[in-house]
Each structure stands twice: as structure tokens, then as C-alpha cells.
Amino acid sequence: MIAFVNGAVAALTPTLAVIEVGGVGMAVHCTPNTIAGLRMGEQARLATSLVVREDSLTLYGFADDDERQVFELLQTASGVGPRVAQAMLGVHSPDALRAAFAAGDAKALTAVPGIGPKGAQKLLLELKGKLGAPLGSSGLVGAQRAVASAPSPWTEQLSAALIGLGYASRDAEEAVAAVTPQAEEAIAAGGAAPVPQLLRAALQTLNRAR
């Protein structure tokens with residue numbers, strides 16, 4: 001098992017970081033939140049989880065060990081593979097997921113692309129108690145507070161991700177403004193701003209402006 005990688009950031013895409021380790025570029029799949037914290041050429045340490053398939057070896061990267069642990073626990077539920085688990089962490093922080101499961105909050109889970117109401121209820125049943133209580137809180141009240149406070153605003157996540165990919169702050173702000181209607185539409189429908197989709201749309205906007 002590759003528990004972590006530590007090295008210079010050699011390349012960044014909206015969903016992938018390449019970390020140079022001993023002269024070898026390790027391709028690590030990350031959430032937009034994790035990508036947003038990386039900078040080209042700077043040193044980075046990512047906790048990792050290696051997913052082995054018959055035809056592939058895929059390395060997933062996380063900001064810390066807690067996020068990796070939640071990623072692996074989520075996959076103990078039937079029908080949850082690494083992509084769905086990573087999508088859940090792309091929308092919610094580890095503590096927000098603990099809070100959602102502790103509170104039985106199906107709506108929070110349906111904010112994740114690919115998870116419908118039935119799937120959310122199934123996950124609540126299968127993973128109840130497995131993720132533990134939100135860190136630093138106890139009981140239902142603490143869980144509800146964690147749900148409300150955990151994720152950073154989507155505009156900050158998106159702007160940081162674009163800057164991390166090498167765009168100027170002004171260009172990032174303009175791209176965020178361009179995709180704001182799309183984000184507001186998703187929020188108005190009762191979901192969360194879909195940061196990965198918004199990041200792709202923002203990059204398309206920037207490419208057209210060149």
C-alpha cells in the first residue's frame with residue numbers, strides 16, 4: 001500500500017495532481033478541494049489510497065489521513081466504488097459526512113452527483129455508526145452544527161482551484177462570475193454547488209476567452 005506521496009507538484013488538472021517522487025511522476029486523483037490547496041512547483045504531501053483492479057492501479061490522494069480513512073470506509077457500502085466515494089468527499093468534508101450519517105440527513109447525501117433519494121437511504125442504513133461522530137462534537141446537535149459549518153464556500157474553492165492551476169486572480173474571479181448562475185440554480189433546487197462541474201465549466205470559459 002502507498003500510504004502517502006511527498007514531493008514537488010509537477011502538474012495539475014481539475015481532478016489530477018502529478019507529484020514527483022524520486023524522479024518519478026505519481027498521478028494522483030484528487031477532489032477539487034484538494035487540488036485547490038496545491039501549487040505548481042511547490043512541495044506537497046498527500047495521504048493516498050491505492051485501488052487495485054485487474055486492468056489498472058489507481059492512486060487517490062487526500063489532504064489528510066482522516067479524509068483517506070473516510071474514503072475507504074465509504075467503500076464498505078454496497079455499490080460505492082472509489083469514484084462515488086471521492087465524489088462524496090468532493091461535496092462534503094469528512095466531518096460533514098459524519099454529521100450527515102449521525103443525523104440521518106438523506107438530503108445532504110443527495111447533493112452528491114449520482115446519489116438519489118433511494119441510494120441515500122440505503123447508504124444511511126449501511127454506514128450508520130461506521131464513520132463515527134463528528135470530530136469535536138457529540139450528539140445530534142453537534143452533528144447538525146457540523147453539517148452547517150463544514151464545507152468552505154464554493155466560490156472560494158473554485159477560485160483557489162483555478163489559481164492553483166496557474167490562472168491569474170482576476171481571470172479566476174471572472175470565470176467564477178460566469179458560472180455563478182449555474183451554481184445558484186443547483187442551490188435553488190435544494191442541492192449543493194457542484195464544484196467539479198463548475199470547475200470544468202469555468203475552464204471552458206477561460207479557454208474561450210483566450
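Student: How many residues lie between E1 and E2 in their hairpin?
Tutor: Three residues lie between E1 and E2. Strands and helices here are DSSP runs, numbered from the N terminus; a strand (E) has at least two residues, a helix (H or I) at least four. This is a predicted model: local features need pLDDT of at least 70, side-chain atom pairs count only at pLDDT 80 or more, and totals for chains, interfaces and linings use all residues. Residues are numbered from 1 along each chain as its sequence is written, and side-chain values use heavy atoms, with hydrogens and water left out.

Student: What order do the five strands take in the barrel?
Tutor: General idea first. Strands of a sheet pair through backbone hydrogen bonds, parallel or antiparallel. Two strands count as paired if DSSP finds at least two bridges between them. Here five strands close into a barrel, in the order E1-E2-E3-E5-E4, with mixed pairing. On average, neighbouring strands of this sheet are turned by 55° against each other, direction ignored.

Student: Which residue in E2 is the bridge partner of Ala8?
Tutor: Start with the pair. E1 spans residues 4–12 and E2 spans residues 16–21. They run antiparallel, joined by four bridges. Ala8 has Glu20 of E2 as its bridge partner. Helix H2 packs on this sheet and touches strand E4 (43–53) and strand E5 (56–62). The direction of H2 makes about 15° with that of E4.

Student: How many bridges join E1 to E4?
Tutor: Five bridges join them, and the two strands run antiparallel. Asn6 has Arg45 of E4 as its bridge partner. Phe4 stands opposite Ala47 in E4.

Student: How do I read the faces of such a strand?
Tutor: In a regular strand the side chains alternate between the two faces of the sheet.

Student: How many residues separate E4 and E5 in their hairpin?
Tutor: Two residues lie between E4 and E5. Seven bridges join these antiparallel strands. One place to look is Ser49, which stands opposite Tyr60 in E5.

Student: At what angle do H2 and H3 pack?
Tutor: Axes are lines fitted to C-alpha atoms, for helices over the stretch in contact; angles run from 0 to 180 degrees between N-to-C directions. H2 (residues 65–74) and H3 (residues 82–91) pack at about 135°, with axes 9 Å apart. Under 35 degrees is roughly parallel, over 145 roughly antiparallel, 65 to 115 roughly perpendicular, and the rest oblique. H2 and H3 are therefore oblique to each other. Their crossing is right-handed; that is, the near helix is turned clockwise from the far one by less than a right angle.

Student: Which residues of H2 and H3 meet?
Tutor: Contact means heavy atoms within 4.5 Å. From H2 come Glu67, Val70, Phe71 and Leu74. From H3 come Pro82, Ala85, Gln86, Met88 and Leu89. By class, the H2 and H3 contact has seven nonpolar, one polar and one charged residues. Ala, Val, Leu, Ile, Met, Phe, Trp, Tyr, Cys and Pro count as nonpolar, Asp, Glu, Lys and Arg as charged, and the others, Gly among them, as polar.

Student: Are H8 and H9 left-handed or right-handed in their crossing?
Tutor: The crossing of H8 and H9 is right-handed. H8 residues in the contact include Trp154, Leu158 and Leu162; H9 residues include Ala172, Val176 and Ile187. This contact has ten nonpolar, four polar and no charged residues.
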